[in-house]
Amino acid sequence: MLSLRKREERPAAHKTLYLLKGILLFSILSLLLTNYTILNNLDFVYGSSGYTVITTTDAATNAPHNPKSVTAYWWPSAEDGGGLIGKIHAIQNPDDCASSTTKFLVWQSMKNNEKDTRGLTAWGHAGSTHLLHALSDGDQLEVSGSRILIADDQLWPMAKGCTHGPETRECYFEPLTKCKLSDVDPPTSSSSGGNSVVLNKNSDEYDRTVRTVYTSPNDIWFRITKRKYSWTGLPGTETDHSSIDITAAALAYYFRPREWLQKEIDGRIRASIPADLDPMRTVGVPIRRSDKCHGHTLKGSAAGELDCPPLEKYLDGVRSFLDFDPLIQNVIVTSEDSKACDEFLGMVGRELPGLRVVRNVGDVQQGTGSGSKLEAYVENSANANVVASALTSMHLHLRARYFVITSKSTWTSTIPG
């Protein structure tokens, strides 16, 4: 049975859905109250449209786009955009990285990192949470101030074969800091003293006066920060500020794309989104299947996490929104699973022929959400193409108001809001 709830009434088990919402929307738009319905591992979500309006020029025709076109996208600037993202950028880029008073949290890769199966949004969640740990120094900012989060230079599985930079996250995204690994202290054991310590578990306590702290290479999880606003200098307590905004800012800072990736995503968006699309009359259906489902046989992917609902349930979700809002005109459909996507599109064409379908033009549909072997699932598809394609799908859904999503996926739960 369907039941509608306002965001304030959401069950505790679904808090992550809303904490992850703002991944690329922070500093882009205001969040509206969200209503959603849960049915058999599906969430039916009503949220704000995730786009912003700018005027751009079409390279092919040299004609200006409609100023209200949703095929245009504005990328927030960390350097001069101000707000929380600007504050993060200022702390992450100190005047003197080599100073003895500049402290670090070094994000170490896991052992056997080449086989790390985490996908894009799982990495983003880990990175943004480590960032809040560094900024607050594990909820003890008053001891000696913030730390700078810096990642090691080990291979990032999704960056194998990178032609745009190193085979790390910096193949796709801007560096977390201008500081270099040569500025940090080499790792030492906790019992040997010195200016560094390597955590056994990322939730472990440590001496806050130590200059360099290394995350554990054996612990895939992260320390949860309770005083998320402590480093901002803003008055009041945590309850006086939005936990969504601070999480969104950390995620947005982590996911700042390099210039080549911005251009790639922008081009794909313009090829996919009709210029007259009205986000307020659009449903997003990001279908997450393949390795997310129990019993899959994909080698090298993460184990399945849920009994994937039949595609008919997705269609029921779209119908529910059409009953609620007869003005809906468009449905955005994406999936890493090409078979499921094509099957669902056939169902929409037969049973809801009045809806205009929007797809990710040129979507790789690599058949997995795992990040360790992206290139192995689709012939002649480089990792960079898969990453750009996936991020384009995310951006397409930011142009929707309503969403039908699986409830146990950091990918789909990052989109609605």
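Mentor: Cys-97 is buried, as its relative accessible area is 9%, where buried means under 20% relative accessible area, exposed over 50% and partly exposed in between, with a 1.4 Å probe and protein chains only. Before going further, note that this is a predicted model, in which local features need pLDDT of at least 70 and side-chain atom pairs count only at pLDDT 80 or more, while totals for chains, interfaces and linings use all residues. Residues are numbered from 1 along each chain as its sequence is written, and side-chain values use heavy atoms, with hydrogens and water left out.

Cys-97 forms a disulfide with Cys-179, the two sulfur atoms being 2.0 Å apart; a disulfide is here a pair of cysteine sulfur atoms within 2.5 Å. Cys-97 sits in the loop between helix H2 (83–92) and S4, and Cys-179 in the loop between strand S5 (148–151) and strand S6 (196–198), so the pair ties together parts that are 82 residues apart in sequence; helices (H or I, at least four residues) and strands (E, at least two) are DSSP runs, numbered from the N terminus. The torsion about the S-S bond of Cys-97 and Cys-179 is about -80°, so this disulfide is left-handed, and Cys-179 counts as buried at 4% relative accessibility.

By this rule the count comes to 2 disulfides. Cys-162 is joined to Cys-171 with an S to S distance of 2.2 Å, and with 95° about the S-S bond the link of Cys-162 and Cys-171 is right-handed. Cys-162 counts as buried at 16% relative accessibility, and Cys-171 is buried with a relative accessible area of 1%.
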